[in-house]
Amino acid sequence: MSGRDFFSVERWWSVVRKEFLQLRRDRITFAMIVAIPLMQLTLFGYAINSDPKHLLTGVLVEDHTEFTRSFVAGMKASSYFDIVEELPNEEAGRAALARGRLQFVVTIPPDFSRRLLRGERPALLLEADATDPSATGNAIEAALELPQSVAAKDLVGPLAALAGGSPPFEVRLHSLYNPEGITAYFIVPGLMGVILSMTLVLMTGLAITRERERGTMENLLAMPLTPLEVMSGKMIPYIFIGLIQVSIILVAASAMFHVPFEGSLLTFYCAALFFIAGNLAVGISLSSLAQNQLQAMQLTMFYFLPNILLSGFMFPFQGMPAWARVIGEVLPLTHFHRLMRGIMLKGNGWSDLWTDVWPIGLFIVVVMFVALRFYRRTLD
Amino acid sequence: MSAAAAPVIEVHGLNKSFGDKHVVIDLALQVQPGEIFGFLGPNGSGKTTSIRMLCGLLTPDSGSGTCLGYDILKQSGEIKRNVGYMTQRFSFWDDLSIRENLDFVARVYQMPRRQEAVERALEHLGLAGRAEQLAGQLSGGWKQRLALSACMLHQPRLLLLDEPTAGVDPTARRDFWEELHRLAALGISVLVSTHYMDEAERCHKLAFIAYGRLLVQGTAAEVVESQHLSTWSIHGERLAELSEQLHGQPGVDQTVVFGGALHVTGRDAAALQESVQRAARAAGLAAQPIDTGIEDVFIHLMNESGAAQRLRAE
């Protein structure tokens, strides 16, 4: 076979054009491209990790003074806490938390103000229902900062001495039910990879089986197109789709969830491009393995499940058993999670990211080889 | 086109099975340049499989041959570049416009002056005004014309057409055949499969295939000649009844009612004559001998191969 027989840019470009034209007319797919990232981000993002305000809070104040009123007012002003109940005693507070009626109970002990004025640095108790740690996380942070601001405002004149240095009193946090939390920032970068895997693998998974089912595959096979031209040509439009999706998620992550972005945008897009290519390779090889579109969808789900469960998206990677971690290390999504968290949260550069880049590259090569191997050149 | 010119298709001993179903058995074919070669046979007789083997879409289990001088086993790339193949089912893209479909084909075949070729094809099709319409919105006849002009676009020397006129109205079919004859006159060879008998008579040469076996090939006259059949025609009414009576009579192999005439065909001319004349007299109708038509021959062949197949199966 001469080089011209194996790959011709002109023929390849004809496939690319054809796919773009068909994609343009496929309104549902087009809607999916935009809607899925937004929908998933909203659903997952807010369900798993949000920054809710106006959380229901009860107070048990056993010391009514200017300071304690100021503290309660400060909590309200943070807008995280809605003081909805004055509790008669500690038991009532615990019961309300257990039933989920309240998310926070603030207890101010009887001799709080007196001890404060004596400079004994007394403690307030903030009890939180941390079943959903992400829901209460930001509120807790706000509460922990209150002593400083209350002190600055109220300890004036002769009491100013108490305000200097360390806070004059502390908020002692008592997280119930789920003491260690997962942060919002952890989830959203992970969602990026999950959304890309889901949409891209599915869409390319259908690419070749669709031709087969519509009867147009016979025509493609009868033309002088090589497997590489057809497959890579079909992948190109989805690379753009992937990049659009990544951008949507990036903007939404910052607008809706205030996820910081520490790294470089170029690094971010390069990593994304790599991961997109990996997903397309998987999709196209599933497509050449499957007989019809239904099978392609089933295979996609089959691929999707371990990705969700073992990539460190659902469960902390280090907490998984060794065999699960081995599977996880093979999956591009695992490495992409690390890349995204590294770039977005830690501001890592290529020297730090390299260890998660090459496994994705190896994965692409192997999968593309499988895809070409199983691409049927005839109707046999 | 001299008589010495190499055949465009020359294959022998082609076999193909799917599972335990032997679909094509020892196929041998020869198609000369500029010939319209009709490939006839009932549904499921192996026509599509044979054509697919010729253009490299299926690999024969055994056998060998050439298509346009290229080895059908080793040079399918060359064959694909030089053959126009029209699939039985419309296989262009419904969600591309007419122009986009043609443009795609032109690009795939790396045609020089692509735009021009596409415009010329549109003009020729008479679809220049509707070029932006989606192919999926075309009627059956138009789809078939689009498919033909798309597989003609790269100016192949050989056309393989798989039941191109199935489900197309008679006017469109007539136009289509006129187009084929124009192409043949230009020196393009055409292998066309069909199960319309009237189309058989428009081919230069014919081959009849049933149950995977090629039973006879040659010109229409040669095919008719080869079967040594005599046919009688009886005109009149209530021919169905007469047809019933004639069944199984000595010399009568088959009876076919054609509107106002009953064709009775058989191998044994003398016995046939006697049976027909006796039955016609009894019914008070006139019977006269006629030339055996290609249609009579094919019905005869189909019946015979059906019986033979049943015998083999037992």
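Visitor: Which residue of chain A meets Arg52(B) in a salt bridge?
Guide: This is a predicted model. The rule finds 4 salt bridges across the interface of chain A and chain B. In one of them the side chain of Arg52(B) is paired at 2.9 Å, N to O, with that of Glu218(A).

Visitor: How many residues of chain B are in contact with chain A?
Guide: Contact here means heavy atoms within 4.5 Å. Chain A contributes 31 residues to these contacts. On the side of chain B the number is 26.

Visitor: What area is buried between chain A and chain B?
Guide: The size of an interface is often given as the accessible area lost when the parts come together. For this pair of chains, carbon and sulfur atoms give 52% of that area. The total is about 2,800 Å².

Visitor: Why is helix H1 of chain B described as largely enclosed by the rest of the structure?
Guide: The helix spans residues 47-54. Its buried residues include Lys47(B), Thr48(B), Ile51(B) and Leu54(B). Helix H1 of chain B is largely enclosed because the buried count is 7 of the 8 residues.

Visitor: Which residue with a positive phi follows H1(B)?
Guide: Helix H1 of chain B covers residues 47-54. The phi angle in question is near 85°. The residue is Gly56(B).

Visitor: Is Asp103(B) buried or exposed?
Guide: Asp103(B) forms a salt bridge with Arg107(B), with the closest N and O atoms 2.8 Å apart. Both lie in helix H3 of chain B, 4 residues apart, about one turn of the helix. The cut-off for buried is under 20% relative accessible area. Asp103(B) has 9%, so it counts as buried.

Visitor: Which residue of chain A is linked with Asp103(B) in a network of salt bridges?
Guide: Arg107(B), the partner of Asp103(B), is buried too, with a relative accessible area of 12%. The network also takes in Arg114(B). From chain A comes Arg17(A).

Visitor: What is the relative accessible area of Glu199(B)?
Guide: Glu199(B) forms a salt bridge with Arg173(B), the closest N and O atoms being 3.0 Å apart. The pair links distant parts of the chain, with Arg173(B) in helix H6 and Glu199(B) in helix H7, 26 residues apart. Arg173(B) counts as buried at 13%. Glu199(B) is buried at 1%.

Visitor: Is Lys74(B) buried or exposed?
Guide: Lys74(B) forms a salt bridge with Asp71(B), with the closest N and O atoms 3.9 Å apart. Asp71(B) is partly exposed, at 22% relative accessible area. The cut-off for exposed is over 50%. Lys74(B) has 72%, so the call is exposed.

Visitor: How far apart are the C-alpha atoms of Glu10(B) and Asp71(B)?
Guide: Glu10(B) is found in strand S1 of chain B, and is partly exposed at 30% relative accessibility. Among the residues it touches are Leu29(B) and Thr66(B). Glu10(B) and Asp71(B) are 61 residues apart along the chain, and their C-alpha atoms are separated by 9.8 Å.

Visitor: How many residues are in the largest nonpolar core?
Guide: In soluble globular proteins, nonpolar side chains tend to be buried together. Phe298(B) is among the members that touch the most others. Its contacts include Leu40(B), Met197(B) and Phe208(B). The core holds 148 residues.

Visitor: Which helix gives the most to the nonpolar patch?
Guide: The patch lies on the surface, with about 830 Å² of accessible area together, and includes Leu289(A), Trp354(A) and Phe374(A). Trp358(A), also in the patch, is partly exposed at 45% relative accessible area. The main contributor gives 7 residues and spans 350-374 of chain A. That is helix H16.

Visitor: What share of the residues of chain A count as buried?
Guide: Chain A has 16 helices and 5 strands. Its accessible surface comes to about 17,300 Å², of which 65% belongs to carbon and sulfur atoms. Of its 380 residues, the buried share is 51%.

Key
Residues numbered from 1 in each chain as written. Chains lettered and ligands numbered in written order. Predicted model: local features only at pLDDT ≥ 70, side-chain atom pairs only at ≥ 80, totals over all residues. Heavy atoms only, no water. Core = buried A, V, L, I, M, F, W, Y, C linked by side-chain atoms within 4.5 Å. Buried < 20%, exposed > 50% of the residue type's maximum accessible area, 1.4 Å probe, protein only. Patch = residues over 30% accessible without salt bridge, like charges linked within 9 Å, V, L, I, M, F, W, Y side chains within 5 Å. Areas by Shrake-Rupley, 256 points an atom, 1.4 Å probe, with all protein chains shown as cover. Helix = DSSP H or I, 4+ residues; strand = E, 2+ residues; numbered from the N terminus. Buried area = accessible area lost by both parts, 1.4 Å probe. Lists of a residue's contacts leave out its neighbours within four places in sequence.
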